[in-house]
Amino acid sequence: MQRRGGHVYAVSVDSPTESKRIVEKFALPFPVLADESRDVISKYGIVHVGGSPEGGDIAVPMLLLIGRDGRVLWERVAPNVMDRPDPAETLIAIRAALGP
């Protein structure tokens, strides 16, 4: 995806400090953006009310492939917070949306 000019971002309800710690701990090759107010996850309708261990609201995992023109080319909303897509599934969707 990077060869094609794409970028990966993650959005988390964690604080900027916690997001930075996660990026460093796992050596993530992409930034994790903070959505402490839950505005972004609310707008996408992916709030799991009371889903955190402490009982706070968290995001249901969602992947979006957004084109250069801002259109959503592909999306995947997890059926639950523990579900994570197989990377091969994501690559297939990217290739289908963008071509080989």
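**A charged network, up close**

Modeller: Gladly! The protein has an accessible surface of about 7,200 Å², and carbon and sulfur atoms contribute 56% of it; such areas come from the Shrake-Rupley method with a 1.4 Å probe, and for residues only the protein chains shown count as cover. Please bear in mind that this is a predicted model, where local features need pLDDT of at least 70 and side-chain atom pairs count only at pLDDT 80 or more, while totals for chains, interfaces and linings use all residues. Residues are numbered from 1 along each chain as its sequence is written, and side-chain values use heavy atoms, leaving out hydrogens and water.

The overall order of elements is β-α-β-α-β-β-β-β-α from the N terminus, with helices (H or I, at least four residues) and strands (E, at least two) taken as DSSP runs. Of the 100 residues, 23% count as buried, meaning under 20% relative accessible area; exposed is over 50% and partly exposed lies in between (1.4 Å probe, protein chains only).

Now to the charges. There are 12 positive and 13 negative side chains, counting Lys and Arg as positive and Asp and Glu as negative, without His or the chain ends. The whole structure holds five salt bridges, each a side-chain nitrogen of Lys or Arg within 4 Å of a carboxyl oxygen of Asp or Glu.

R76 is buried, at 16% relative accessible area, and its side chain forms a salt bridge with D83 at 2.7 Å, N to O. D83 sits in the loop between β6 (72–77) and α3 (87–98) and is buried too, at 19% relative accessibility. Apart from neighbours within four places in sequence, D83 is in contact (heavy atoms within 4.5 Å) with P61, R76 and A78.

R76 also meets E89 in a salt bridge, at 3.0 Å from N to O. This pair links distant parts of the chain, with E89 in helix α3 and R76 in strand β6, 13 residues apart. E89 is partly exposed, with a relative accessible area of 33%. Through shared partners, R76, D83 and E89 are joined by salt bridges into one network.

For contrast, look at R21 and E18, a salt bridge whose closest N and O atoms are 2.7 Å apart. These two are three residues apart in helix α1 (residues 16–25), so about one helical turn separates them. R21 is partly exposed at 40% relative accessibility, and E18 is partly exposed at 27%.

Methods. The place of a charge is taken as NZ of Lys, CZ of Arg, CG of Asp or CD of Glu.
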